[in-house]
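Visitor: Hi! Could we walk through this one together?
Guide: Happy to, ask away.

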Amino acid sequence: MTTPQLLRLKNKKIHNQTRSTLLAIQPLFGVGEAANLHHNILSMAVWKPSKKLTDSVVTRIAESHTRSLTTNTLGNMAIRISAVVLIGSGVSYLHLMSQLAADTQTKLTKYITERGKREEAIFVLAEDNHALLRRDFLKQFTATNSINWQERFNQRFVKWSDGTVRNVPQGTRPQDFNTELYPTTFVGRGVKIDLDFQKRLVLSDEFVEKYAAGWRNRFLDTYISLPEGANIVLWPGVAWGIEAKADLDIKAEEWVYLGTHAHNPDRKTLWTGVYADPVSKDWMISAETPIDDAQGRHLGTIGHDIILNDLLKRTLADRLEGTYNLIVRADGQLIAHPELMERIQAAAGKLNVKTANNPHLHRIFDIARSSQQEDCVMYNREDREYLAIAKLKGADWYLINVYPESLLQERAWSLSKFVLGLGLVSLLVELILLFIVLRQKIAIPLQNLLSATQKLATGDFDVKLDSQRQDELGKLASAFTHMTHQLQESFHTLEHRVESRTAELHQAKLLADGANQAKSEFLANMSHELRTPLNGILGYTQILNRSIALSGREKHGVNIIHQCGNHLLTLIDDILDIAKIEARKLELFPQSVHLSSFLQDVVDICRIRADRQGIEFMFQPDPNLPTSIVTDEKRLRQVLINLLGNAIKFTDRGTVSFTVTAIQLSTIPTLRFEIQDTGAGIPADRLDRIFQAFEQVGDRSRQSEGTGLGLTISQRIVELMGGKIQVQSQAGVGSEFWFEITPPIGTTSSQPQPIEDAPTIIGYEGERRQILIIDDHWENRSVLVDLLTPLGFQVAEAENGKVGLESIAKLLPDLIITDLVMPVMDGYELLQQLRNNGNLQHSIVLVSSASVAQIDREQSLAAGGDDFLAKPLQIDELLPLLAKHLQLTWKYERTNSNHSFSVDDNSSSLTGIFLPTEPDLQILLELIQDGMVNKLIATAEQIGQKNILYQPFTSRIIQLAKEFQIDRIEIFLQKSLSSPSLSSLSHDH
C-alpha cells in the first residue's frame, strides 16, 4: 500500500469532508474543475505550506476557476448553440432542397406535358390528313367506273421536248401559273406511261387540287409522288413542276423513297430529317405516307412539308428561366440545341449525337431513350440536373428541358441564410444574458470563496463565509468552513506520518529491486528459448551462402537474409541488454573492422525498409574515412540500425540521410555519425524522455513496431564507446541524431570480394512486359520484385486489393500476381471486380496463396484466377506459368567453358557436364527409385566433396530432391548413365 493511500485512510475525516465538498461544487464547476479544487485543498492539508507553495496554489485556483466560470461556460454555450444553429440551418437546407426538388419535378412534368402536346399537334394533324387522303384515293382507285383515264390524262398533261411530262404547255412561265389554286406536275424522263400510271397520275392531280387548298394554312404544301418518278404538288407561290430540271431523278430523294417497301416495311407515316430548303432557305421536315392497294402494290406516296422556323425559335427562346430546351430524333439526329445550331446548319441537319463529340449531350440522349413514359422527369446524377422529357407523337422526336440542380441549391441556400442569421443573433443575445447571470449569481460569491482559500493557504484558519444561502454555493461555503476546522485539527500530526511512510517506501524499493532481478532472469530464459529457432535460420543462411550453385545475386540475397536474421537476433538481445544495463554488466568486445564494408552492410539493411516505405535514403560517407577501426562491430551496428530504423519508421515522405564524417582533431580521427530525417519529429517537452527505458514518444500507430528499449540501450553503448547521443527535433519538421566517437585505427585493409554468378535464365525475347504484385506483406512483394526485375520485367507493387485495382486501371499490366488474404480488399473481391469490369475483365491473374488445399485452388480459379501459385513460391513453378500465360521464350546465360552446363526447363540437359563415376550414379538411381530422398541428399553431398567438378551435378540433384521432383531426378540420372560421354568424362576426372 502506497503512502498517499495510507495518509488518506488515516485522515478519513478530511477525505470524507473534501469528498462532500466535491459533490457540492460539482454542478457549478463540472467534474474536472471540482476535482482540481479538491486536490489543491488536500495538498495544503498534507504538506506544510511554504510561502512559495501557497502563492502558487492560490494563483492556480484563482486563474483556473475564473476561466471555468466565465470563458469556459460562455465558450461551451457558444459552441453548443452554434452547433444547434448550424445543424438547424443544415436540416432546413436539406428540407428545402427536398421540397423544392419535389415541387420542381411536378412543375416540370406539367410544363413538358403541355409543351409536348402543343408541339406535336402539327405532326399528328399531318398523319390524320394523310390517312384521310389515302382512304379517298384508294376508294376512287378501286372503284368500278367507265372513266376514260387515257383521255383525262391527255387533257391534263403535256409531253415536253426535253422528254418530261408536265401539266402545262411547254414555254409557260412560272409567274403566269396560278400556284394558289392548282398543282404542278412533273414526270421524269424514261418513265413508262401505261394506263395504270395514267390513272394514278390523274387521280393524284385531282386529289391534290381538291385537298391541298384546305390544308394550306397549316402546311407549306401537299403532294403525291409516284414510285416511277412523278410528283404532283400544290405549293402556293412555287411552280415546282414547271421549274424542275429535266434531268431531275426524284426517285433518289428521301421524300420519295421513304414510301417504298425497302425503306418503309411497316407501311406507316415516316418523317424525313431536318433540311434547309434551297429555294426558301427555310428549315423544314417532310411527312411521307405510302399508298398501297389490297395486294400490297405501292401506288404512290402522300407528302406534307412543314416549316420548322417557328418551332425551332420557340424551342430555343420559350423556356423556363435558367434552363434550356433541345430536340433530338429517336435515332440520335439533333434537331435543335441552343449551343449547336451553327453545327446543325453546317451539317445540313444531319448532325448526330454520337458524332457531336459532346459527352454531356450523349448522356442526356441515353437517359431520354431509357425513359419508359411519353412525358416524364428524370434525374441526370452525373451532371446533377433534371431532364423533363416529352416524346412527340408522329415525328418520333424527344423534346427535352434541361433543369440544372444548382437552381434549386441557390433557392434553398437563399432561404437557409435567413435561418442561419436569425440563429446567430439569438446566440449573441443568449451569451449576453448568460454573462450577466453568471456574474451576479456565481462569479461574485466565488470571489469571496477564493479570498477564504487564500487565507487558508497562508495558515490562517479564521475563515468566515456566507453559509446561509440555500443553493449550491451556500452548501459549498458550509462544507468549506467545516473542512477548515478538520484541517486545523489534523495538520500538526501529518509531518510525523510522512516520516514513517518514507521508511515504508524504502522497504518497498528493496522489494522492487528483487522483483526487477526476477524479471531479468525471466527475460534471460525467454531470450534463450527464442535464440534456438533463430540459430537454425542463421545457420542455414550460412550453408546456402557456401553453395556454388547460387549466383552472385542469389548469394547477395542470402547475405541480406543473414544480415536481417542478425538484426532480429539483435532485437532479441535488447531484452537481455536492458537487464545488463540495469545490473551495470554491459561490456564491449572491440576488434578490427573494415569500415567501408561495415557501413555498406548497415546501409543495405536499412535501404530495404526505406525502399519499402517509399522514401529516399541517402548515404554520404566522408572520402577521408580510415580504412579500418577497432570497435565492437556488433554494438556499433546495433546503434546505427536502431537510429536509422527509427528515422525510417517515423518518416512517411521525404528523405533519411546518413552521414559519416572524419574530424581530424589529432592523429586518431574522431568519427561523427549523423542521421537526419524529414519525419514526424519529437515534441520539445518529450525530448528529455526519449532515452528512458520503455519510452515511446512517436506516433501511437507505429509504437507497436518497437519495444521502447532501443534508444536506452544505444545511449549506454555510445557512452561506453566514449561518446553521447545528441538530438535536435522539431515536431512536424524532422529530427537529427548524432554522436562522436574516437576509435583506434585498425589493421584490416581488404574487404570481401563478390561471388561470381552461376549460369541461369537471364531474360526473355520480345518486348518488355509489366507485372503487378499485390500482397500486404512487403517481404513477399520484395522476393518477386528481386526475382522478376533482373529478368527484364517491369514490376509494380500494391499493398492491398483496393490499391491493386487502382493500379490495374492505371497501368494495365500484362499479368497480375495477387494474394488472397489482405486488408481493405481481399483477393476474392479484387477478382470479382476485375471480371465484372468490361475494360479489365480479360486481365491475366495468377493467384498466389499460402492456403494450398484443393478447395482453395478451386475457389480461387472459380473466382476468376487464371492459374494458382502456391506459397512458398518455387521458381520452377512460377517461370513456366509466366511463359504459358505471356507466351514467353526464355533466354539462357551460356559460357564458353567446356566444363559448363545448362539445364533446360525439363532439367534433363547434360551439355558439357562433369558426371560422377558410373557406380556413384547407380547408387543415386537406386536411392531415388526406393524413395529414400534424405539419404539421396546425403549421398549427393558426399559425392560433391570428392571432387569440386562434381558439385554442379550434385547441386542440381539436391535442389530437385528438396522440391520432391522424384520423376525428374530419375529421368536425369537415367540419361546420365546412358550418356555416351560418361566414360570419357569420368576418366578425365
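Visitor: At what angle do the axes of helix α24 and helix α27 cross?
Guide: The axes of α24 (residues 918-929) and α27 (residues 966-977) cross at roughly 155° and come within 10 Å. That makes α24 roughly antiparallel to α27 (angles over 145 degrees count so). This is a predicted model, where local features need pLDDT of at least 70, side-chain atom pairs count only at pLDDT 80 or more, and totals for chains, interfaces and linings use all residues. Residues are numbered from 1 along each chain as its sequence is written, and side-chain values use heavy atoms, with hydrogens and water left out.

Visitor: Is the crossing of α24 and α27 left-handed or right-handed?
Guide: The crossing is left-handed.

Visitor: Which residues in α24 meet α27?
Guide: Glu918, Leu921, Gln922, Leu924, Leu925, Ile928 and Gln929 in α24 have contacts (heavy atoms within 4.5 Å). On the α27 side, the partners include Ile969, Leu973 and Leu977. The residues of this contact divide into eight nonpolar, four polar and two charged.

Visitor: New topic: is threonine 818 buried or exposed?
Guide: Threonine 818 is buried (under 20% relative accessible area), at 1%. Threonine 818 lies in strand β25 (residues 815-818), and, leaving aside neighbours within four places in sequence, is in contact with residues including Ile774, Leu830 and Val847.

Visitor: And what is the phi of valine 824?
Guide: Valine 824 has a positive phi of about 70°, although it is not a glycine. Most residues other than glycine have a negative phi. Valine 824 sits in the loop between β25 and α21 (827-835) and is exposed (over 50%), with a relative accessible area of 63%.

Conventions. Axes are lines fitted to C-alpha atoms, for helices over the stretch in contact, and angles run from 0 to 180 degrees between N-to-C directions. Helices (H or I, at least four residues) and strands (E, at least two) are DSSP runs, numbered from the N terminus. Angles under 35 degrees count as roughly parallel, over 145 as roughly antiparallel, 65 to 115 as roughly perpendicular and the rest as oblique. A crossing is left-handed if the near helix is turned anticlockwise from the far one by less than a right angle, and right-handed if clockwise. Ala, Val, Leu, Ile, Met, Phe, Trp, Tyr, Cys and Pro count as nonpolar, Asp, Glu, Lys and Arg as charged, and the others, Gly among them, as polar. Buried means under 20% relative accessible area, exposed over 50%, partly exposed in between (1.4 Å probe, protein chains only).
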